[in-house]
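My entries follow in the order in which I looked.

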Amino acid sequence: MSAAIEQIGANRSFGGWHKRFRHASTTLGCDMVFAVYLPPQAEQGPVPVLYWLSGLTCNDENFMQKAGAQRMAAALGIAIVAPDTSPRGTDVPGDPDGAWDFGLGAGFYVNATAAPYDRHYRMYDYVVSELPALVEASLPVTPVRGISGHSMGGHGALVCALRNPGRYRSVSAFAPICHPMDCPWGQKAFSGYLGTKREDWKAWDATELIATAGERLPILVDQGEADGFLAEQLKPEALREACAAAGHPLTLRLQPGYDHSYYFIASFIEDHLQHHAAALRR
């Protein structure tokens, strides 16, 4: 194991291991914590990886504790890596008004260009480049990758896959923020991290990226119809329309009665793991 990461926790789970690590991130300029589920197959040799990006206010613990993914990940022989949702530390700026939807816990998986956030908030580079390089050098995993996420993290998963043809074998999302340029959460984040020039925001909006995507990687999206954020913030129909216009393969499943919570995620996580495993183990 590389000396670049420090193990800070471990729990046996379904024959494998849930582990937490701390490391000094050069991309973000602070210490970061991430979690990994290693299935039992990792004891015999490297396994493929699903990167999970969490939503607003979350950290590495939410998915690992609430999604119930370990049993199926163990059966399928895939690892899961869950990073934090933003840089952390006493010198990392948060929302000046103390709100929960910007700053700490709300990095939005972009590379900030506006001060003072441009110094630390480079979550896109972190999850696409720095973290996978560290994980692949330190743990028994391969560079065969999938990516998924929830809400803000669903937005991040879609953007990472669309901007990096060939880097991921699979992509999915739960209740993603599909068109952040056209919703309050996205507009607040983008104006703070990227500045007020809306043309610059298009590079971080999945709905805008679909038309020019360099790879037509099939997308699986689950969305609860009872999600309180559906109409104002998430806008899956915008993604559906963009995919239809571009001929991009999209499976958008609207789930009656389900909300935005981890009860929703836990209900369909096995479908998503099987979707990724079909590509990762191909």
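I began with β1 and β2 (residues 16–25), which run antiparallel and are joined by 8 bridges; strands here are DSSP runs of E with at least two residues, helices are runs of H or I with at least four, and both are numbered from the N terminus. Within this pair I found G9 opposite R20 in β2. The hairpin of β1 and β2 has 2 residues between the strands, and F14 takes a positive phi near 50° there.

Before going further I noted that this is a predicted model, in which local features need pLDDT of at least 70 and side-chain atom pairs count only at pLDDT 80 or more, while totals for chains, interfaces and linings use all residues. I also noted that residues are numbered from 1 along each chain as its sequence is written, and that side-chain values use heavy atoms, with hydrogens and water left out.

Next I followed β2 to strand β3 (residues 30–38), with which β2 pairs in the antiparallel sense over 9 bridges, and I saw that A24 has D31 in β3 as its bridge partner. This hairpin has 4 residues between its strands, and G29 in the turn has a positive phi of about 70°.

I then traced the whole sheet, which is open and mixed, with 9 strands in the order β1-β2-β3-β5-β4-β6-β7-β8-β9; two strands count as paired if DSSP finds at least two bridges between them. Its edge strands, each pairing on one side only, are β1 (5–13) and β9 (250–255).

Further along, I found β6 (residues 141–149) and β7 (residues 170–174) running parallel and joined by 2 bridges, with I147 standing opposite V171 in β7. Helix α4 (residues 152–163) packs on the sheet and touches β4 (47–53), β6, β7 and β8 (219–224), where contact means heavy atoms within 4.5 Å.

Which loop holds H120? I located H120 in the loop between β5 (79–82) and α3 (123–138). H120 has a relative accessible area of 1% and is therefore buried (under 20%; exposed is over 50% and partly exposed lies in between, with a 1.4 Å probe and protein chains only). The H120 side chain reaches the backbone oxygen of L28 at 2.7 Å.

Finally I listed contacts of F108 beyond its neighbours within four places in sequence, among them L56, M152, H155, W185 and Y193.

Technical notes
Axes are lines fitted to C-alpha atoms, for helices over the stretch in contact, and angles run from 0 to 180 degrees between N-to-C directions. A polar contact is a pair of N or O atoms within 3.5 Å; within protein, one must be able to donate a hydrogen and the other to accept it, and residues adjacent in sequence count only if both atoms are side-chain atoms.
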